[in-house]
Amino acid sequence: MTQGYSSLSNKSDIERAQIQYKQDPWYHRPIEWWKEQWNGDEHKSLINSRTGTFELPRRNTFRTVVTVVSIILGVLSLGVLASLAILNGKTNKRIPTAAETYILTHASANNTHQYLKQYASETHIAGSNNDKKQAEWTRDKFIEFGIDTEIATYWPLLNYPTQHRLAVVSGPKEFHYEASLTEDIVDEDPTSKEQNAVPAFHGYSKNGSATGPVVYANYGRPEDFEYLLKKGIRLNGTIALMRYGGIFRGLKVKAAEDYGCIGALIYSDPIDDGPVGKEDSKSSPAKAYPEGPWRSSSSIQRGSVLYLSLGTGDPLTPDEPATQNATRIKMEDTNVLPSIPSLPLSWKDALPLLKATQGHGVYRKNNWMGGLEGVDYFSGPSEGDVNMVNGVEYKITPIWNVIGRIEGSEEPDSAIILGNHRDSWVYGATDPSSGSATMLELARLFGELLKSGWRPKRTIILASWDGEEYGMVGSTEWAEEHKSWLSKNGAAYINVDLSVTGSHFSASASPSLSRLLYEVTQAVTDPNTGSSVYDAWNALPKPKDIVSNKPYVGQLGSGSDFVPFLDYLGIASVDMSFLGDYGVYHSNYDSIHWLEKFGDPTFKYHETMVKIWGLVALRLADDLIIPIHALDYTAELDRYVSILNKYSYPHVFPYLEKAVGKMAESAHIFHEELNKAEEQLTQYMSVSSEKVPVALKQSINSINKRLINLERGFLDPEGIKGRTWFKHVIYAPGLWTGYSSQVFPAIIDGLDSKNTDLTRHAEERAIKSILHGAKKLKREP
């Protein structure tokens, strides 16, 4: 057995327990007498041999008497405890099952540390030899743990860097400059010495070059370009210099393209994820790496520039899996790829360009100036020209998803899917290897449980995705290939991308799964505070418009592998992580050394994420009634309509509001039915599930089916006009934000385009889908 692993029980454990008993002090004797009276002769296995589920043994007389007295005392205190829980915004705690207890007591920080070293010791960009090697290693580990596993291969379009250049080539000689486009070596960080292991480039960027004056366009949002136009700044024929932040990088390139620019440069400004303005951070020094966790002057953020608010996955096979012999469209026929070249820059290489625009054009102080000294962030155009070269090779190349499957014992056709992507831009210690290591440790724990005789009621799928960094490619192609099966059987999707960059728990989720997150985080201890993760989470600041005594759960937008499951297939989803001060994103410095020094030195938060992920999965897979909550969803829908009415004022949406009201009525009726089933179930808590009456089982099966299908009701087969791959009427990435979520996206798109017909049509489609969702909750005749 691999070092650091521990099984459920073995001879050495028993021997240690016997030695401990001999050495126990006098007061352990009465405790042992109590255990004997309590247990009697009940030493049978807690595993039901016919169902493979954990069951409680029958009580003896002594236990029955004690239990009755305990129940009386418990009932007297229950009201007080429940009232306190409600006042504190907490849900009722429950006793962990045997499987949950095993996860809570056997998750290992050391194991996750060792797994992470395996993943992050070499670069593993999607489609590379190292990427394939790591896919095979992950598959072999899953199999070693006892999980049936296969590699699912797809052949998407990807690009790789061949050459690059950035230089100021004309104008005053003092401004001439040749950019290095490389990251400095950090002596204490071994992997930083491979400076060109993956040269700086953008995934899915246009192959080509451009020469022209530079215009500084702030965050590269449409409103930034509009401001420049209103101020009379020429944009046609220029190269846009934009800083990271505000919107997704690919949409910066799209905006530059739409406003007539011939090239795009995106740099990291020190005021954004660098050390400037970080003096208030309580957890780390306001210094650049390696003295602090923030981005240094030569650090470069790579990343995809796919137009991911228009579509996701392989650009050449929309709506179809990118199999080896798939029918593909031409690159020029897709609407998700840029038509101008782009490059990522460090702020060291951006500063000479800003010096070349100094005193030219316009500037503004509010939300326009960054943190670089010696420049005022004038717009330009620059006095001299800049030459940029982005040489990339496009090719159809294989990528490798690793899919592990633990077959369910009672509802094998209902699947709980756990996902993390494995590919990275460079070494990717935090993004994504912290999540990959977390998943591997969870797989090990599931394997140990399987050896003990446990098997989940519902099927659990462990997915190590590939190609996420380019645009959720691996997960999207798998979802498209298995669309029919997933539409019928996908119960929930739980995503962990980067698992840990700090100690602050963060989650975004379908509203129906928020309560599950609250319950699980109450059962897991936060390493730093010693209280629950829930309490530490609830102590974090909430958005200004959120008034709640519970922790904030965000809305799912884009940027990770939950997208195809929620937005395309209508499967309730969660994305979660522990966050902190993180300034090395997508750079050469996202390394083992950074993570050990700043992100999680003890790896206790990796261990904690294993526990949270494991309990979320177990409760979704094992609870008789799947913990999806329809009433919570309707409450959020009501809030979303209020947000929409404020956004669109004086236009209002009374019919949409009425449809949400109908949804709430259905949810309340459904909830009454669910409560009755739960009350009936309490009579059978201490017996095998085989003894539950057939009629009650059928009722529970019906309830579960309707809960699972609730999210499907919000899909519109038409999709959103102009980006029809997105089918969800409640959620999609914002058209001009990308990462962040937009509620009622098709309606907002219509409002923003000032298209009354489009807005009205989108409202009608949303109403139809919401009423369809309400119908999903109704009992079938």
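The model is predicted.

**Stop one: α17.** Select residues 592-599, which form helix α17. This helix is mostly covered, with six of its eight residues buried. Show the side chains of I592, H593, W594, L595, F598 and G599 to see the buried ones.

**Stop two: the cover.** What lies over those buried residues? Among the elements covering them are α5 (109-120), α10 (429-452) and α18 (604-622). Color each of these helices before moving on.

**Stop three: α5 against α18.** Keep α5 and α18 in view. Their axes come within 8 Å and cross at roughly 105°. An angle from 65 to 115 degrees counts as roughly perpendicular, so α5 is roughly perpendicular to α18. Now pick out the residues that touch. From α5, select A109, T112 and L116. From α18, select K604, H606, E607 and V610. By type, the residues of this contact are three nonpolar, two polar and two charged.

**Stop four: the core.** Next, turn to the largest nonpolar core, which has 211 residues. Select L418, F446 and M576, the residues with the most contacts inside this core. Then return to α18, which gives the most to the core, with 11 residues.

**Stop five: M576.** Center the view on M576. Which residues is M576 in contact with, leaving aside its neighbours within four places in sequence? The list is I494, N495, V496, L498, F505, S506, A507, L517, M609, I612 and W613.

How values were computed. Residues numbered from 1 in each chain as written. Predicted model: local features only at pLDDT ≥ 70, side-chain atom pairs only at ≥ 80, totals over all residues. Heavy atoms only, no water. Buried < 20%, exposed > 50% of the residue type's maximum accessible area, 1.4 Å probe, protein only. Helix = DSSP H or I, 4+ residues; strand = E, 2+ residues; numbered from the N terminus. Contact = heavy atoms within 4.5 Å. Core = buried A, V, L, I, M, F, W, Y, C linked by side-chain atoms within 4.5 Å. Axes fitted to C-alpha atoms, helices over the stretch in contact; angles between N-to-C directions. Parallel < 35°, antiparallel > 145°, perpendicular 65-115°, else oblique. Nonpolar A, V, L, I, M, F, W, Y, C, P; charged D, E, K, R; others polar.
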